[in-house]
Amino acid sequence: MTALDHTHDAGARSWLASAQAAGTDFPLQNLPFAVLRPQGSGQAFRGGVAIGDQVLDLAALAAAGVLDGPARQALGAAAQPALNDFLALGPQAWRGLRHALFALLHADAPAAQADAARACLLPLADVEYALPARIGDFTDFYTSLDHALNCMRIMYPEADVLPNFRWLPQAYHGRVSSIGVSGQRFHRPMGQYLPQGAATPVFQPCARMDYELELGFWIGPGNAQGRPIALERAEAHVFGVSLLNDWSARDIQVWEMAPLGPFHAKNFATTVSPWIVTLDALAPFRTAWTRPSGDPQPLPYLESPGNRATGALDIQLEVWLHSEQARAQGRGPARLSGTSFRHQYWSMAQMVAHHTAGGCNLQPGDLIGSGTISGPGPGEAGAMIELARGAQSPVDIGGGEQRGFLHDGDTVVLRGWCEKPGAARIGFGECRGTVLAVDVPALPAATGGTGAAKCRADKMPFG
């Protein structure tokens, strides 16, 4: 677990005034990483670090020769068109570069070094992003007990999760080719599902499009095949955290998940935020990971004193929806829900340890999704299926509009930040994606009935 150091000093100031602006996501204490370039320039993508309303162009900084020693080597890796080489270097290199950039951007930096860094700044408003790394594999977990129970109890109020949920972090293997960075626009998928009361399935556009509020964990150094990562070392293999939206076609999901995992329901799009917030930046927001005393306690390979003491992260999360009608009328987005990652039933470290427990080898740039994040209180649901109870209780989004599931033209925005007294606010930026109308050639008329299948929430998980 990351220890606190001088980079977490809430009183530290940058020579860049916007780094001290109220409510900024990117103060001096954050310094998250992304891959970007000037918008519309056609230039090569390169690594960048956010500070206030600017981004430090790491390729330009490397060319300026400001840093030396190990930090210079780490900077060269982080300046590439993908962060994989930097992720592979591990925590010592990550921390060394973080400390060097902190000193360079600090108000007390020598004038010559500050001037050199200032010449490498780009306005955040004028850049475009690529995925932060070449993603080799994507695994999405299902680890929120509140989300699981909310979905199960849409139809049966006394339903419970399957017994294995409380014993292991469940997951499925996702699709890398359709992962996009914030701003992703994707077409509503076609798929096969069984309409309510029908005996024969149909092949039609998804009628129950949903979002899922998640976090993404970016893997640094991997492990050899057959050599599991121990729980107490798991976080040394995680570079940082971003926002993630695991878009889900609920009607397709219910039909195809008997008996295997999701396929067409999930493989059409996944959206991540461009900024990776390092675990070092999140150190002040550690909290105890707990398990109700009446629940099964983890098996030994998922148990450690360190995970109990500081394995949870208090990351505040929100979901907003901006409809096409609202945009046309000049109305802002509607806030749907808010919660914290601290409520998750399984911790980030437990997910990594379990992922490798059978011998699976992770690699630098692999992406792990947390699964939908929902909290225990009203308004803390991380998916529309929970908020609207399977479309039985549509959600008011203003302007006379309601939603049971997402409409074409809807933009979903995820936001995240950490905040507490005595610590600088650490933000994640935003993760934005838009659902477009289905775009396929004309198909034969569907058979077997019309309309959306009613989600059998007592039978299928919705992670």
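Buried, in these notes, means under 20% relative accessible area, exposed means over 50%, and partly exposed is in between (1.4 Å probe, protein chains only). I started with Trp275, which is buried at a relative accessible area of 3%.

Before going on, I noted that this is a predicted model, where local features need pLDDT of at least 70, side-chain atom pairs count only at pLDDT 80 or more, and totals for chains, interfaces and linings use all residues. Residues are numbered from 1 along each chain as its sequence is written, and side-chain values use heavy atoms, with hydrogens and water left out.

**Aromatic pairs**

I searched the whole structure and got 12 aromatic pairs. Rings of Phe, Tyr and Trp (its six-membered ring) pair if their centres lie within 6.5 Å; planes under 30 degrees apart are stacked, over 60 edge-to-face, and the rest tilted.

One of the pairs is Tyr129 with Trp275, edge-to-face at 5.8 Å centre to centre and 75° between the planes. It links distant parts of the chain, 146 residues apart: Tyr129 is in strand 5 (residues 127–130), while Trp275 is in the loop between strand 16 and strand 17 (277–278). For the record, helices (H or I, at least four residues) and strands (E, at least two) are DSSP runs, numbered from the N terminus. Tyr129 counts as partly exposed, at 25% relative accessibility.

Next I looked up Phe165 and Tyr345: the centres are 5.9 Å apart and the planes at 40°, so I wrote this pair down as tilted. These two are 180 residues apart, with Phe165 in the loop between helix 6 (145–152) and strand 7 (170–173) and Tyr345 in the loop between strand 21 (334–340) and helix 10 (348–357). Both are buried.

I also found Phe33, Phe86, Trp94 and Phe239 in one aromatic cluster.

**Charges over rings**

What sits over the ring of Tyr345? I found the charged end of Arg291 there, 3.7 Å from the ring centre. To count, NZ of Lys or CZ of Arg must be within 6 Å of the ring centre and within 35 degrees of the ring normal. Arg118 lies over the face of Trp15, at 4.4 Å from the ring centre.

Most residues other than glycine have a negative phi, and most peptide bonds are trans. Leu31 has a positive phi of about 55°; this residue comes in the segment before strand 1 (33–38) and is buried, at 2%. For Ala391, phi is near 75°, and I put that residue in the loop between helix 11 (384–387) and strand 23 (395–398). Ala391 is partly exposed, at 29%.

Last, I checked the peptide bond from Ala258 to Pro259: cis, omega near 10°. Pro259 lies in the loop between helix 7 (250–256) and strand 16 (270–272).
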